[in-house]
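User: I am new to this structure and would like to learn how its features are read, one at a time. Could you take me through a few of them, giving the general idea before the case itself?

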Amino acid sequence: MIRFILIQNRAGKTRLAKWYMNFDDDEKQKLIEEVHAVVTVRDAKHTNFVEFRNFKIVYRRYAGLYFCICVDISDNNLIYLEAIHNFVEVLNEYFHNVCELDLVFNFYKVYSVVDEMFLAGEIRETSQTKVLKQLLMLNSLE
Amino acid sequence: HMSSTLSVCKGIVVCSMLGLLDYTAEQREMLDPRSKKGLLAEQVRQPNPIRLRDLIRQIRSAKTAAEERSVVNKECASIRLTFREEDSVWRCRNVAKLLYIHMLGYPAHFGQMECLKLIASPRFTDKRIGYLGAMLLLDERQDVHLLITNSLKNDLKSPTQFVQGLALCTLAAIASPEMSRDLADEVERLLKSSNAYIRKKAAICAVRICAKVPELMEMFLPATRNLLTEKNHGVLITGVTLITSMCVQSPDTLEHFKKTVGNLVRILKNLVMAGYSPEHDVQGVSDPFLQIKVLRLLRILGRQDSQASETMNDILAQVATNTEATKNVGNAILYETVLSIMDIQSETGLRVLAVNILGRFLLNVDKNIKYVALHTLLKVVHQDNQAVQRHRTTILECLKDADITIRRRAMELCFALINPSNVRTMMKELITFLEKSETEFKAVCSSKCVTAAEQFAPNIRWHVETLLKVIIAAGNNVPDDVVACIIQLIAESGEAEQRYAVEELWQRLTVAPLDVQPLLQVATWVCGEFAHLLNTGETLRVSETEVVEVYQRLLWSSLCTSVTKQYAITSSMKLATRMPQATALVAKMVSAYGSHLDVELQQRGLEYTQLFTRFDSLRGPLLERMPPFERSRLRVSQEAAAATAAAAGGGAPIANGVQEHSNNSVSNASTVNNNESNALLDLLGGMDEQSTKPTSKLNDNATISNNDPVTAAGVPKIPGMNADILDLLGGFDTGHPTVSKAAIGDTGGTAATTVNGASNNILDGLLNNTNNYNTTTLTNNAINTNSSLINSTQPTTLTNTGDYGKLTAYERHGVRLVLSFERQESLSIITLVATNSSSAAITDFLFQAAVPKSLQLQLLTPSSTSLAPSASLTQLIRVNNPNKAAIRMKVRLSWSADGVPVQDQCEVNNFPTALWQY
């Protein structure tokens, strides 16, 4: 299962942090910093996986943003890589050509995108069309 | 109505417990939507709080961290103020701002209560932010759950699907055991809802609830099975997830869901066969996420179940052959399929297909694919070594990859692939790798090289050559036991290999940089011990002055550690006896050390000077050639390495000294017989109680560590031995050398007669030889030397191969120990098979055991100390039971699972009685 999802920029600023495991605040902050440290030093010649504590991080970089998913060692790395891409495609569609600022100013909407696609550390919905439809309906209720 | 009143009361209680009494009035107000108390008044008193957007801008425009902090602090203060003023119009905005601040890493827990108020608000926007806040600021450990449970209960009953959705989402994120119990009924109801959007959220909620309170699993079973008949992929994927998590948790449920294998196969078949469906297509593959979930569940259901495995064989073959492998998605599915094939009881053909898929992965240009291939091959290699061997060249290529994670995996895999037929080529590659690798690899890699060389060496010459290459390539990053291991190997090899080693190491010694300690230690030891080969060879002719010069360079260098110098100074003493012309030079060099700042070196200096002056006549015999060591096995674990490091800190060279003395005592006083030696042992006991204690303890308990000189049993021995050594040297000066020296020798001899493999090896480690001075006692013993042990494990006429059955001695923390038995007269041979049933990689596995006094126990080297998931290791245990007593055993286990240390113990009392009643 997914232990946490992080979106960070290259400078290490958190753009989204979703935790599926209980951590204390200090611990969360430490994890954020550690993830940033291990992920940003890697470049294109490296794999998209980092062994991290007792878990592993599957990450993808889109422009200046790192999308990191921390999963169990026994999980399928490749499909989580695909899940990240799926998520980013939904964001892109939702924000019409998404950029970092969209995520900053609409951070609470990004959380609802996450909640539509993942839940309690499990993949919940993978169809982009369905997710987008739900999100638009949510917006119309505001 | 009753229940809502009740929960308000509960809410008040909790609030007062938390010291939040001032919220209780508002709490009541919150539940009363008619109240609009003081709204206008508030607005007049305070300027409007800034908008979220403006706050984000302000924070972003902060140029330094300090500036950002001050913006945040100011805003937090104003948010706190509005919270206190019970103003509800800005609550949503304020909480949203607070959540942003929280995301940046600032504390925001004072907003928890405000989130609860927002959740209770009838407005959807409020609820949305409120629930988001609850998910971010609360987790199952907070005390506010009584408050939120009631809101959740109401919202789960809401007519609006989005409100229900929000509540389910939050419940799935923060449910505690109590909440799970309170709300399980609601979730079960929603699992049967007609709305797919709600059903899938409820399914994941159920995953969380079952994980928190396993007893609740049963009530979800009927609704869960129905989820598999769905057409909606979202519901299917969550349904499969729910079943998977239930099956992992409970073996009974696993049995229950065995019936669904057919359904799952059909779902998978439909996915594979289905044409293009835009909704679930990912780069030409139909819903890979669902396919993978189904494959994973099939794996769990098919594990150790031949019938279920047979049902899924065909579809697995179909997925494995039909999936497009050009894109990452396709490979993700193939990867999951391979895992399933290897895990269930699949046909051989299918397994070959699976390993070939991994072989293709290895050739993929995509690093990620390569990585998972190596990772998986590492799991598979224990099951199907031959199939993996075919991809050896590709795996060797991966040693040169730019990515460190790939190199690490490849290295581990290479070591797993070494066998007698490929050891030469594999070792060559691995040594090249060792030379070029990062420091963090070197210790592990060199240890593994040594183990592999020991296991598979085609001949001694190759073995010596390889170990020398390893130690040269690894530089300073060699675990200390490797040094001892190489010395031992050279010492026990034939003259030709020794000559080769001397020539090679002498060359190295003259040119080696002085900051590489392990090589220098081996080189000085060998050049000292076999100094006569330095100038008798056909190619090598070194003059005495040359040798002494090299030693001087080393001894006076500040780059060499004290341990290396201890090696060197003892070695130079040997030089002096083997090369008479060097004596004067060495005496001069050694005497200078009498005033060295390092206490160890100073002591050596003083003692050795004595050997040039007062006891010159003893020098020759004392420093004679070492007898060949008895073989002690090498266990290359970090723990052992650390312990050796401690011992080697001052122990190793001293031990050399002792052994030379004891040699002398034997050659001088060869008339010492058994009776006398016992008397001498008593004498020693009187002299120094501390030194005999560990020995007698070993005699009594027969507590044995892993036949390793430096683990548990070895450690307490070391101080004792040092004490002996001090006695010995003291005795030296008082002019009774023979008595005390003989006593030392015989401590060794007597300990060895405890028929105790460990103590035997301890002495191997410390004295390096046990059998030379007291051969009779040792050979009388049924199980003393390892060589005789190994021979006797071959089935002989004495072997009683009667079936004693198998015994599962231990099964916890993902490790299972199964014992099987054999008996030869009074000797029971127990084969221990330890299996890793967890998904964690186990390293440093250590099995220790103790038996009652009347039994004698010996543990042989385990086949490995690390266990990949589902891999096994074996270890032989020999129990000698001359008195036919009931066999009992206390077992202590330790290992690290993915780096987390685990320790456990158990007692085994149910050995088959036929082992001693015959």
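User: At what angle do the axes of helix α14 and helix α17 of chain B cross?
Analyst: Helices (H or I, at least four residues) and strands (E, at least two) are DSSP runs, numbered from the N terminus, and axes are lines fitted to C-alpha atoms, for helices over the stretch in contact, with angles running from 0 to 180 degrees between N-to-C directions. Here the axes of α14 (residues 233-249) and α17 (residues 288-302), both of chain B, cross at roughly 25° and come within 9 Å. Angles under 35 degrees count as roughly parallel, over 145 as roughly antiparallel, 65 to 115 as roughly perpendicular and the rest as oblique, and α14(B) is therefore roughly parallel to α17(B).

User: Which residues of α14(B) and α17(B) meet?
Analyst: Contact means heavy atoms within 4.5 Å. Among the residues that meet are L236(B), V240(B) and I243(B) in α14(B), and F289(B), L290(B) and L297(B) in α17(B). The residues of this contact divide into 12 nonpolar, 3 polar and 2 charged, where Ala, Val, Leu, Ile, Met, Phe, Trp, Tyr, Cys and Pro count as nonpolar, Asp, Glu, Lys and Arg as charged, and the others, Gly among them, as polar.

User: Before we go on, what kind of model is this, and how are its parts numbered?
Analyst: This is a predicted model, in which local features need pLDDT of at least 70 and side-chain atom pairs count only at pLDDT 80 or more, while totals for chains, interfaces and linings use all residues. Residues are numbered from 1 along each chain as its sequence is written, chains are lettered from A and ligands numbered from 1 in the order in which they are written, and side-chain values use heavy atoms, with hydrogens and water left out.

User: Is D287(B) buried or exposed?
Analyst: Buried means under 20% relative accessible area, exposed over 50%, and partly exposed in between (1.4 Å probe, protein chains only). D287(B), in the loop between β2 (285-286) and α17 of chain B, counts as buried because its relative accessibility is 2%. Its phi is near 30°, a positive value in a residue other than glycine.

User: Where is D844(B) placed?
Analyst: D844(B) is in strand β7 (residues 842-850) of chain B, and its phi, near 50°, is positive in a residue other than glycine. At 24% relative accessibility, D844(B) counts as partly exposed.

User: How far apart are A871(B) and N836(B)?
Analyst: They are 35 residues apart in sequence and 5.7 Å apart in space, C-alpha to C-alpha. A871(B) is buried, with a relative accessible area of 3%.
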